[in-house]
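Please examine the model below before reading on.

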Amino acid sequence: MAERSFDVIVIGAGPGGYVAAIRAAQLGLKCVIVEREHLGGICLNWGCIPTKALLRSSEVFHLFHRAQEFGLKVEKPDFDFEAVIKRSRGVAKQLSGGIGHLMRKNKVEVVMGEATLTAPGKVAVTGAKGDETLSAKSVVLATGARARVLPGLEPDGDLIWDYKTALQPPRMPKDLLVVGSGAIGIEFASFYNTMGARTTVVEVMDRILPVEDAEVSAFAKKQFVKQGMTILEGTKAKVQKGEGVVTATFDKGGKAETKEFDAVISAVGIVGNVENLGLEALGVKVERTHVVTDELCRTGVEGLYAIGDVAGAPWLAHKASHEGVMVAELIAGKHPHAIRPGSIAGCTYCSPQVASVGLTEARAKEQGYEVRIGRFPFIGNGKAIALGEPEGFIKTVFDAKTGELLGAHMIGAEVTELIQGYVVGRSLETTEGELIEAVFPHPTLSEMMHESVLDAYGRALHI
């Protein structure tokens, strides 16, 4: 088959790759995207989107049990587990189809198959329709990442699950062990626990949600325990599979105990998809399974860029999409700003939700800042009380000398929607003065953001 030429080749159609392709097409570049499995990548098909659909079902189920608090009557709330899973898969399928529409709308050609870089600007594709070679001046790697597999925790689709099995499980577990308490682990723990599984979370670090502010982690643990979870921190776990059961041995400081589970979810991090791409032959530098890039996602090989999870932390879909836009604009000859990782929000959709941006209090102090800290509890907010969601708080971290907003950390209802206000503030280099003078609508949860800023400067009104 004759070699076909394009301006841009994008490898991987996840939230980084497909957005890069759309933006490149908008800028007048002839673009092709190569995908080996699903348009939308892991995020849309097996990550961000279907997990949120599951969590919405568990949230509604939880509210059924609280109906009496709201003056409502719901008798014997129950669920159809297969229907819950089916809805989640349907949501993912709908959005994956939407990506195909976007590709056609923007005249981006889609080639399904495995891609390998054979030379700078040359990509060999092996697909169902045969082999072909594509060429372009610019190539964007957006191959994403996959779940890390630890020895003894190899997923088998029955007793030991990865995220794919957890999204389409063989059964509703009765006793569930979740290994790892990052965003993925905690979200699955929150869903299954709410649906009735006796859930244990084990974390080798000294606290759950270890990348979050310590106060948020501590508050989250209390809420999860109140909901019936068992939380084991600073603990190592080894599992032994038996007939229909897994025996886990927990080791904390040399003291061991065992417990049986009928399912284990392994959520111990991710590794970049860097294999079989031809990177070594091109001299692309890879460290700890991730492609090394500069602040503009350049790999050091002329015309080759890497974005999203394959290019390293933070491993977030919105970071990948923004990098996709940045790289497309760079290829088109524009001068985009480099992304500031410290201004990218992280969100965990457990119950209560967790969201943050920027430096934690501890990290700010480590970096030599003199800080001013503000806090405001959900219990002091009228909208939170009206919603029946009085548990949570918002914490802000300021540079005491300049008033710069260094970080914001939240736990409670809908904080994954609220955090964007602080993201915009950091992007605009807002100080406490502008935030104090801003008028927040009432009654809203966002008023707590204002009050937290006020509290940092001794001016809180409602506590």
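This is a predicted model: local features need pLDDT of at least 70, side-chain atom pairs count only at pLDDT 80 or more; totals for chains, interfaces and linings use all residues.

Rolling a probe the size of a water molecule over the atoms shows where empty space is left. With a threshold of 30 Å³ or more, the count is 1 cavity. The volume of the largest cavity is about 40 Å³.

Two elements each give two or more residues to the lining of the largest cavity, namely β4 (114–119) and β6 (130–141). The residues lining the largest cavity are L117, A119, P120, G121, K137, V139, L282, V301, E302, G303 and L304. By class, this lining of the largest cavity holds 7 nonpolar, 2 polar and 2 charged residues.

## The second largest pocket

The second largest pocket contains about 980 Å³ of space. Its lining is made up of 30 residues, and those closest to the centre of the pocket are E59, H62, S351, P352 and E389.

The helices α3 (48–65), α6 (183–194), α7 (214–226) and α12 (415–427) are the elements that give two or more residues to the lining of the second largest pocket. Among these, α3 provides the largest share, with 8 residues.

Which classes of residue line the second largest pocket? The lining of the second largest pocket divides into 13 polar, 9 charged and 8 nonpolar residues. For the largest cavity, the corresponding division is 7 nonpolar, 2 polar and 2 charged.

Conventions:
Residues are numbered from 1 along each chain as its sequence is written. Side-chain values use heavy atoms; hydrogens and water are left out. On a 1 Å grid over the protein atoms alone, a cavity is a set of points where a 1.4 Å probe fits but cannot get out, and a pocket is an open set with protein on both sides within 12 Å along at least five of seven lines; lining residues have an atom within 4 Å of a point. Grid points are joined across faces, edges and corners, and a volume is the space filled by probe spheres set on the points. Helices (H or I, at least four residues) and strands (E, at least two) are DSSP runs, numbered from the N terminus. Ala, Val, Leu, Ile, Met, Phe, Trp, Tyr, Cys and Pro count as nonpolar, Asp, Glu, Lys and Arg as charged, and the others, Gly among them, as polar.
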